[in-house]
Amino acid sequence: MAPSFGGLQLTPFSSGGRKTLPDDDAGDLEDVRLLDAYKEDDSGLEEGMRGIQVRVTGMTCAACSNSVEGALRDVNGVLRASVALLQNRADVVFDPKLVGEEDIKNAIEDAGFDAEIMSEPSRTKPHGTLLGQFTIGGMTCAVCVNSVEGILRKLPGVKRAVVALATSLGEVEYDPTIISKDDIVNAIEDAGFEASFVQSSEQDKIILGVTGISNEMDALILEGILTSIRGVRQFLFDRTLGELEVLFDPEVISSRSLVDGIEGGSNAKFKLHVKNPYTRMTSKDLEESSNMFRLFTSSLFLSIPVFLIRVVCPHIPLVDSLLLLRCGPFLMGDWLKWALVSLVQFVIGKRFYIAAGRALRNGSANMDVLVALGTSASYFYSVCALLYGAVTGFWSPTYFEASAMLITFVLLGKYLESLAKGKTSDAIKKLVELAPATALLLVKDKGGRFIEEREIDAMLIQPGDVLKVFPGTKVPADGIVMWGSSYVNESMVTGESAPVSKEVNSPVIGGTMNLYGALHIQATKVGSNAVLSQIISLVETAQMSKAPIQKFADFVASIFVPTVVAMSLLTLLGWYVSGTLGAYPKQWLPENGNYFVFALMFAISVVVIACPCALGLATPTAVMVATGVGANNGVLIKGGDALERAQKVKYVVFDKTGTLTQGKATVTTAKVFTGMDHGEFLTLVASAEASSEHPLAVAIVEYARHFHFFEEPSTTKDAQDHSRETRFSGWLLDVSEFSALPGRGVQCFIKGKRVLVGNRKLLTESGVTIPTDVENFLVNLEESAKTGVLVAYDDTAVGVLGVADPLKREAAVVVEGLLKMGVIPVMVTGDNWRTARAVAKEVGIQDVRAEVMPAGKAEVIHSFQKDGSIVAMVGDGINDSPALAAADVGMAIGAGTDIAIEAADYVLMRSNLEDVITAIDLSRKTFSRIRLNYVFAMAYNVIAIPIAAGVFFPWLGIKLPPWAAGACMALSSVSVVCSSLLLRRYKKPRLTTILEITVE
């Protein structure tokens, strides 16, 4: 472990949680990135709380996960705990002042399960406040101390500052999003003192794979290198795995500098690569599957001879005579069976006893209890029968093979189940594999010229790095194109099939494929801030969540095992008492058997055939597959509860601008109603709108610029850039007292006279009269599905601009498709009634709500919910956040970036409305599959238990031996998982099929 610097102790400060935006601010979300604030890490928690993920191994069914959840919630200081059976993972939110990570780990282990605190993917920090230590030279007295403290406390972002003269150290609590450590150092130096940064309370962890260490001396060299690197807090090297875990201060040293320092310090003898947390988890899952396979094959190898001794050997005279040789009190065959089955029962089957023991210690019962009970009953009865025969000479039949075969079949089922469960998380594995392993870094000299190309680990990319991307290779990080042009295939991330053109200043997404030209990109978002990482995080979080329908399975699991054990005892008593009373003939008994043995075999079959696992797996496996399938189709689902609600949607409420329309407004008409010159009119309007970021304002400025300079219209992004540039381009008029009025327009003063640009409401409220000819022209525009923008100068209406926003080509077909699916489409917009009705008529929507303010859209949602209907809201995620939050199912639609989707339940990565149908259809098919799983799981137990209990034996002669019952039990859970896996074959619905269109 690296020693701490100078023996100084830093007190960590809890980071403040991110504030939820009020409804009134919902319109100012343009800069919120995709998936921001969704990942449930420290930034999304209550103030002072922490969240961690723990890998939990040893869980076999829903009863186990419930047991772990209960154990965690009983820990003082744990606020929330959620356990996912399929992922073998627990998400825990706790108060670090009351409980630590080790306490949480110990609580899980005390419950009888293995626990490991999981390292989180590397993330770009920091957030919240940090405590930094600085050396301050040149201080001679208390006046100097007070002077430095006063300077530091006045700095923006500094919360607290304390300076010690004796140690020449200063501790500063600061917000790194406002001020950096270098700014603090510069402020101290500007005051005439010397300063340098020492360390901060921030810490990050990285896990590295190390090659080149062959002996103890190499390990000591590695330790020496790490101890000498400034900023390293702690380290742990595992020689067996070749893994190095380092805890370091990212304010002092970056992860790349750390790796370079280790490799450089060893003269390139040691080679390091970053271990991806997701691939580490995958390897552990594979390790669990291989361990289960090893147990199964061992059990099978030992069980086959037992089966042969019982079934085949009696028909081979020579072998049979050897087995009938007496060796002490028992026959040779009995000794062999006893020895082989003991190995299966207590060595291979030890895991069932351990798991059953911990479940019973925690006051719960799971499948392991049933397996341990059934196999123990069969094994110990057979042992007692042998001993009783040796003492009395009366030899009852033994059932060693039942115990061995039962364990073998259960292990086979567990192995198949682990394989099948692994398939359910294929979507995350595919997403992880999208990220390239390495990147080509362009190294600059002090003059900013590129002097070297260097291959680095993709997980060591830092914001600001310039990377070279060759044609046919993947983009290593989110960034901006600095040089070159190409086409990039983004289908693997956004689901958009057509390649996207990329020029200088175009954004690129990490994990996408560069097709044609070489590119130089500057990395902007890395680690957990990257779009791909956030998609993976979203899918993971969704798979961790529990659908409400899962509560039914959890309840059944809690009472299932006790109920089955009670039924088994009733079966034992029923058959035994009936036999002693002569209710059935002795001919039914096995050779040399008695009523107790006959009844016991039925009871054991009841215990082992019952399967709580199938019920517990019915929902989570389907949700896992569905969220993965959705991600592959560009539909990101936030959880099982969202899936469950979406399948019941009755109303889909569409925002108009940017959702039903393309969001690319263009001016089609400009008419002046006074003697003002046309060019003067456009200059006046453009000057007023140049300070606005509204899409209509951008379109108006672009139109005016084109009129004056005869330039071709630009793309929306270019138009926005021009709207900013044109303020200083010389042709616009000076504007004063500019103000944007949400839902109305803009107001400003030009040449001392008031200018109003907006809708009727703006002019009417400002006391401006709208002449009849202006009103008639405005009505004609609105009836042709265009938005009319009124312009008033010096309190007189001077002209009107007609702005059109074309409908998306698929809008009308999607609306018709929703109607065919039994879903009622509704349109809500802030536009005027005439334009809204014209647009609605064009797409086929009957129910329209117009002139609705952003906050009023939530009230529209509530009006549909009054009768208990499930309402979905589809918006562009910018000013629709209140409505998305109010809806039962919020769907944020967009190309995957610059979308505020905190309030949405679904993120539709493409701008295609067809994904709304995909989202609803996928949820319906998923819950049909879940219901089918439940029907099968319930029907299996309802039918199998009576058969195992021998209910039909008197009439049909059907009798299930325990080993056959075990095989049925093992296959039942496998069949449920395989049923869920069929969702992987899901295909997006074709609109021609939904609309019943026959294509000739």
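A residue counts as buried here when its relative accessible area is under 20%, and by that rule 53% of the 1000 residues of the protein chain are buried. The model on your screen is a predicted one, so treat each stop on this tour as a feature of that prediction.

**The whole chain**

Begin with the protein chain in a cartoon view, where 33 helices and 36 strands can be followed. Its accessible surface comes to about 43700 Å², and 57% of that area belongs to carbon and sulfur atoms. Among the contacts between residues at least 6 apart in sequence, 70% join residues at least 24 apart.

Is Val803 buried or exposed? With a relative accessible area of 2%, Val803 is buried, because that value lies under the 20% cut-off. If you leave aside its neighbours within four places in sequence, Val803 is in contact with Ala665, Thr666, Val667, Leu696, Lys786, Thr787 and Val789.

**Two helices side by side**

Move on to helix α25, residues 772–783, and helix α27, residues 833–843, which pack with their axes 7 Å apart and at an angle of about 25°. The two helices are therefore roughly parallel to each other, since an angle under 35 degrees counts as such. The crossing of α25 and α27 is right-handed. To see where they meet, show the side chains of Glu775, Val779, Glu782 and Glu783 in α25 together with those of Arg834, Thr835 and Ala838 in α27. The residues of this contact divide into two nonpolar, one polar and four charged.

**A mostly covered helix**

Then select helix α28, residues 856–865, which is mostly covered, with seven of its ten residues buried. The buried residues of α28 are Gly856, Lys857, Ala858, Val860, Ile861, Phe864 and Gln865.

**Two loops with a positive phi**

Finally, visit two loops, beginning with the one between β20 (500–502) and β21 (507–508), where Asn505 is found. Asn505 has a positive phi of about 80°, although it is not a glycine. The other loop runs between β28 (745–750) and β29 (753–758) and holds Lys751, which has a positive phi of about 55° although it is not a glycine. At 66% relative accessibility, Lys751 counts as exposed, because that value is over 50%.

Terms used
Residues numbered from 1 in each chain as written. Heavy atoms only, no water. Buried < 20%, exposed > 50% of the residue type's maximum accessible area, 1.4 Å probe, protein only. Contact = heavy atoms within 4.5 Å. Helix = DSSP H or I, 4+ residues; strand = E, 2+ residues; numbered from the N terminus. Areas by Shrake-Rupley, 256 points an atom, 1.4 Å probe, with all protein chains shown as cover. Axes fitted to C-alpha atoms, helices over the stretch in contact; angles between N-to-C directions. Parallel < 35°, antiparallel > 145°, perpendicular 65-115°, else oblique. Left-handed = near helix turned anticlockwise from the far one by under 90°. Nonpolar A, V, L, I, M, F, W, Y, C, P; charged D, E, K, R; others polar.
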